[in-house]
Amino acid sequence: MSNFVHSVALDKDKCKGCINCIKRCPTEAIRVRNGKARIISERCIDCGECIRVCPNHAKLALYDPLSVLERYEYTVALPAPALYGQFHNLDEIDIILEGLLSIGFDDVFPVASAAELVSDATRKLMASGKLRRPVISSACPAVTRLIRVRFPELIENILPLRAPVEVAAGLAKQRAMEKTGLPADKIGVIFISPCPAKRTAARMPLVMETSAIDAVVAIKEVYPKLLAVMRPQDDSDDGLNDSGRIGVGWGSSGGEAAALLKESYLAADGIENVIKVLEDLEDEKLGELDFIELNACAAGCVGGVLTVENPYIARTRLKKLRKYLPVACNRLGDSIPEDMGFQNELEPMPIMQFDNDIRKSMEIMRSVSSFLATLPGLDCGSCGAPSCRAFAEDVVTGFATESDCVFKYRDQLKSTGEGTYLPPPFRTPEKPGNDAT
Amino acid sequence: MNDTIKLHYDVPGDDFTRAGEASSAVKKTLRKLGVPGEIIRRVAIAMYEGEINMVIHGGGGVADVTISPEAITMVLADQGPGIENLELAMREGYSTASDEVRSLGFGAGMGLPNMKKYSDVMDVFTKVGVGTTVTMTVNLS
């Protein structure tokens, strides 16, 4: 029924049908039915909140296995800057990059280097004055999707540049082809990612025809392999790392915005905070801003669900690593290469509305409101929907039935003289003043 | 009259943390109804300004919103001090807000002018010592 690729899958054996995930989903995309959580594909933005919150680890982040390397004659690793924040006592990025070669990659192309090109291109575009302010970062795929489904009027504010990993993949592929003489399909450009949404973005690219990323592997899978092979490096000048402070800064929240060297910016992280900023931006409550950086994960990409470390310590480590790096090592010429921009425009995906016809929508809304008024308003989740309102909408639109609500069902039983039991949170005190405060 | 949706909100006075709740709720409703984004934006901004005005000047009040397939009408009524000079109040930059309110970032004198700008029709009824009622309409077609 749906043509959406997503980065979350359900392990049916592990899912107990609890309601933790439905409550945390920022787009109300999950319902529990027959003891299992179900994702409404059109609504899912790949933010990873359900993966984080599931106590049974039943929500699986999708990524490619490391064995994907065997599919190619020549492989290039694209390490995300977030990878650098995962290790204790690391003072040299080259140790990680050399480690990637040791575990089987033929070459490395740090995403941070391409991030510096994106920063340069952003500065150029902003200086041209052609972008609608404030410009919203396009790097986080969950945020881009969120804007398409919930804030379609803000699509025009999205920075029309590809994410650094896409730029890196294009450059890496080209470099490898020149170096080896191999055709494109024999070369595997493999992203080492903190984030499963990047896999969705690579498999179903929105702003270009095809992605140059061949596979997306998880930082958490590469991490133990790297630990085993990482060795201190000789102090030589010809290290593999060619990114500076600006590029590495992209790994945590605020890095991309700070790289624009402008004062009037805002950086928000964590999906709920991102939503608050977008709501306020839509209502013109934020005043004059040039740039808004938004990351779905707390602390930025270091907070991705495929990382190992606490995001805040990872951010501190990135800060330390950056200290002795040059400001930037990668710059564009006078113009922005065409393949850094969007090939296709971002389309709105207004899935929140009831119907395309406003009269029909109003009719549904009236039915929802009158049914909602008969519900207890406890948002207990026992019906499998995240709130009484969501449940009322499900009932009116035919995705649930009235007696799926335990209170409605209890009323039915009451008429036959049964069903007086209520769980403790929902009881009314027998003796007033005797309840806990 | 059967094909309208009516929404009612109480706007508490002197509570800036809750100002904007009503406009936010209206926005969500309009999105569900599939109202075009540009219209939602205008309604949300006009309504938020009105709410803030009721909090700053009116000691709170009530907001009634009527949605029909043709238009969205917002009626914001308070029983505050009323506006002494409406002509001045409609001028951009004119404000009688206290320093305390200004220190919170409000009171720039753009409230009523913005409400007029973002609505298609605006009508202000005010009487000193009795209160103020602002009616704003944003057309859907």
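Modeller: What follows sets several labels against the values behind them, in a model that is predicted.

Biologist: Why is strand β11(A) called largely enclosed by the rest of the structure?

Modeller: A residue counts as buried when 20 or more other C-beta atoms lie within 10 Å of its own, and five of the five residues of β11(A), residues 291-295 of chain A, are buried, so the strand is largely enclosed.

Biologist: In a regular strand the side chains alternate between the two faces of the sheet. Which residues of β11(A) show that both faces are covered?

Modeller: A:Phe291, A:Glu293 and A:Asn295 lie on one side, A:Ile292 and A:Leu294 lie on the other, and all of them are buried.

Biologist: How do you know that β11(A) is paired with β7(A), and with β10(A)?

Modeller: Pairing asks for at least two bridges between two strands. Strand β7 of chain A, residues 135-136, is joined to β11(A) by two bridges and runs parallel to it, with A:Val135 opposite A:Phe291. Strand β10 of chain A, residues 265-269, pairs with β11(A) over five bridges, again in the parallel sense, and there A:Asp269 stands opposite A:Asn295.

Biologist: Why is A:His57 counted as exposed, and what is its phi?

Modeller: The limit for an exposed residue is 12 or fewer neighbours, and A:His57 has 10 C-beta neighbours inside 10 Å, so it counts as exposed. A:His57 is found in the loop between α2 and β4 of chain A, and its phi is near 55°, a positive value in a residue other than glycine. Most residues other than glycine have a negative phi, and most peptide bonds are trans.

Biologist: What makes A:Leu261 exposed, and where does it lie?

Modeller: A:Leu261 has 11 other C-beta atoms within 10 Å and is therefore exposed. A:Leu261 lies in the loop between α10 and β10 of chain A and has a positive phi of about 55° although it is not a glycine.

Biologist: Which peptide bond is cis, and what is its omega?

Modeller: The bond from A:Arg133 to A:Pro134 is cis, with omega near -15°, and A:Pro134 is found in the loop between α4 and β7 of chain A.

Biologist: How do you know whether the radius of gyration of chain B agrees or disagrees with that of a compact globule?

Modeller: A compact globule of 141 residues would have a radius of gyration near 14 Å, and chain B has 14 Å, so the two agree. The C-alpha atoms of chain B fill a box of roughly 40 × 30 × 25 Å along the principal axes, and 35% of the residues of chain B count as buried.

Methods: Residues are numbered from 1 along each chain as its sequence is written. Chains are lettered from A and ligands numbered from 1 in the order in which they are written. This is a predicted model: local features need pLDDT of at least 70, side-chain atom pairs count only at pLDDT 80 or more; totals for chains, interfaces and linings use all residues. The radius of gyration is taken over C-alpha atoms; the globule rule is 2.2 Å times the number of residues to the power 0.38. Helices (H or I, at least four residues) and strands (E, at least two) are DSSP runs, numbered from the N terminus.
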